[in-house]
Amino acid sequence: MSGRSARSQGSWLRTWLGPFASRPLASLGLLILLVIIAFAIFAPWIAPYAPEHIEPVDRLDPPGAEHWLGTDHFGRDTFSRIVYGSRLALLIGIGVVAFAMLTGVPIGIVSALFPGAGRVLMRVVDVLMAFPSLLLALGLIVILGQGVFNAILAIGVIYLTTTARIVYGVALRLREESYVEAARSMGAGTVWMIRKHILPNMISPLLVQASFVFAFAQLGAAALDFLGLGAPPDVPSWGNMLAESRIYITRAPWLLLYPGLMIVLTAFSLNLVGDVLRDQMDPRFRELVGNRQRR
Amino acid sequence: MWSYVFKRTGAAVATLIAASVIIFVFIHLIPGDPVYVMLGDEATPQQVDALRTRLGLDQPLLLQYFYWAVSALRGDLGTSIFFGAPVLSIIAEGAETSLLLASITMFWIVLFGVPIGVLAAVRQGSWIDQGLSGLAMLLASVPTFWVGLYLILVFAAGLGWFPSSGYPSIFEDGGLSNLRYLVLPSLALAAPNAALILRLTRSSMLDVSREDYVRTARAKGISPRRVVLGHILRNALLAVVSAFGFTFAALISEAVVTETVFALPGIGRTVVQSILRRDYPVIQGVILVIVCLYLVINLLVDISYRFLDPRVEFE
């Protein structure tokens, strides 16, 4: 019984989307995420202005008919920049999740299946975890230099450690399952076992982990942007918008409100969705995946 | 028991050595010649050679690490390129702000996180629980600098109750009343962390309340209030208190952003400024000190956990 892989796709969808029906707040979270994805994909059609379009006469205009969410100190349209900012938010989230999965999953599985390699690899993970997360990211930015891609790597390394630990924990337990032992005693190869037994059972813990990592990547990227060590200043990211708004907060409080609200809504929605997915998970693994992630 | 203490301490020392190698190597991973990067384009070859010798970069790598580690053990973390002062004294200057900020933040976290977490657990499933748990998740999703900027906007710029930036030492004019400079920063820093402690308190309470001895206590007719306070809370707090240790250590580095928002002269702001100034010895020194602190606190938490709860067993 290799878990969910044997079921049909229809019931897979029902398993994952069903619980949202009884959780209105989580459904709202799912809806918000869909809106942000739509923003990112259809940005040129949704945004009334180009994100870098400057109108010097309209500097620091409050929200109104012409500029729904007001303008910044260059006269750039806040709403348009927020819409385009969702592209970067998704890019950072997907990038960090992909990096954490592509590195953490192999490290965790190899460590669980080959105890010799595991002692070394998990010790390295322990050492990386001795660095407070933000400090680790800052140190990596010093080495790699500033930029969107480097911010993804720097934040990704933080969640490489948590992902590797979770995968290691789940894989260790799966290794002891009788059906996995049976397969091994019948001469199944390691690769076959990983593909048939380990990975399919890993999907739900990883999905939960992905949603939490995606959420915290937003906060990490915003912090880096705010410190001037993330995305270059000309890139319309929500963190950059907040950093720029800092000196105008008394004159133009809308510059502080909307980009911050987008970060909060994105992270909150992902946390809500992650919580629902975790409740759906196999109870044996639930304790391994928490949303008390490193911040 | 003592063999556990020795084993755990040995592991912490090993982790510290490995971490120190990473911190040491990091200056060598920076693309280009770090000496040129530090001195800028206008440096003369003589200046470059002098700094390279001063930093010991002309020695073999293994020897360099050895010298660096030995001086670090003696408390010599090198000299700041930007200030020309010893790195340790620069860290010491920021220590007062950072430690006070972290302590006051911990106070808020304990004050709000634990009692509200208990309330949510006692009323599990009710609308109070759902509301509080939802609020905690919302707070955990908020960037600290955003909260900080709003606190400045409302309580400093608007109402004028608290200063918006800076922090004069409590040993200078004003004495303890200077702590008012840390009220808004500590609240901003506490928000997401109090939310995490709230969630932890709640789940820990619920875990303990499923234990057999709690059912026995209830069956014996002990009042619900005494069961919650005497049987559940006391045991649930063990996990929560051990989380305080990690939280305190993490606060020192998380404060990087908060200290920048409120222009506080702490260790975190020193890191950010040193990164922008490419003052590598300071970055190395601060990271080493914070990792050390982190490991020591974790070690103390683990060992005291063993002493406090004899049920916890270690191999």
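Chain A of this predicted model contains twelve helices and zero strands. Read from the N terminus, its elements run α-α-α-α-α-α-α-α-α-α-α-α. Chain B likewise has twelve helices and zero strands, and its elements, also read from the N terminus, run α-α-α-α-α-α-α-α-α-α-α-α.

The table sets out some overall values for the two chains.

**Confidence**

For the complex, the predictor gives an ipTM of 0.85 and a pTM of 0.87. Chain B has a mean pLDDT of 86, with 97% of its residues at 70 or more. Within chain B, helix 5 (residues 87–122) has the highest confidence, at a mean of 92, while helix 2 (residues 34–39) has the lowest, at 72. Where pLDDT is low, the predicted coordinates should not be read in detail.

**Where the chains meet**

In the contact between the chains, 38 residues of chain B meet 34 residues of chain A. Several helices of chain B each supply at least two residues to the side that touches chain A: helix 1 (2–29), helix 6 (127–140), helix 7 (144–158), helix 8 (183–209), helix 10 (224–261), helix 11 (267–277) and helix 12 (280–308). Helix 10 of chain B gives the most to this side, with seven residues. By type, the residues on the side of chain B that touches chain A are 32 nonpolar, five polar and one charged.

**The nonpolar core**

The largest nonpolar core has 166 residues. A:Val96, A:Ala137 and A:Val213 have the most contacts inside this core. Helix 9 (residues 190–226) of chain A gives the most to the core, with 17 residues. Leaving out residues up to four places away in sequence, A:Val213 touches A:Val96, A:Val97, A:Ala100 and A:Tyr159.

**Helix 11 of chain B**

Helix 11 of chain B is one of the helices on the side that touches chain A. The buried residues of this helix are B:Ile267, B:Gly268, B:Arg269, B:Thr270, B:Val271, B:Ser274 and B:Ile275. What covers the buried residues of helix 11 of chain B includes helix 5, helix 10 and helix 12 of chain B, along with helix 6 (133–144) of chain A. Just after helix 11 of chain B comes B:Arg278, with a positive phi of about 55°.

**A buried leucine in chain B**

B:Leu184 lies in helix 8 of chain B. This residue counts as buried because 25 other C-beta atoms lie within 10 Å, and the cut-off for a buried residue is 20 or more. Setting aside neighbours within four places in sequence, B:Leu184 is in contact with B:Gly148, B:Leu151, B:Ile152, B:Phe155, B:Ala156, B:Phe162 and B:Phe262. One of these partners, B:Ile152, is 32 residues from B:Leu184 along the chain, with 7.4 Å between the two C-alpha atoms.

Technical notes: Residues are numbered from 1 along each chain as its sequence is written. Chains are lettered from A and ligands numbered from 1 in the order in which they are written. This is a predicted model: local features need pLDDT of at least 70, side-chain atom pairs count only at pLDDT 80 or more; totals for chains, interfaces and linings use all residues. Helices (H or I, at least four residues) and strands (E, at least two) are DSSP runs, numbered from the N terminus. Two residues are in contact if their C-beta atoms, placed from the backbone, lie within 7 Å. Ala, Val, Leu, Ile, Met, Phe, Trp, Tyr, Cys and Pro count as nonpolar, Asp, Glu, Lys and Arg as charged, and the others, Gly among them, as polar. pLDDT is the predictor's confidence in each residue, from 0 to 100. A nonpolar core is a set of buried Ala, Val, Leu, Ile, Met, Phe, Trp, Tyr and Cys residues joined through C-beta atoms within 7 Å. A residue is buried if 20 or more other C-beta atoms lie within 10 Å of its own, exposed if 12 or fewer, and partly exposed in between; C-beta atoms are placed from the backbone.
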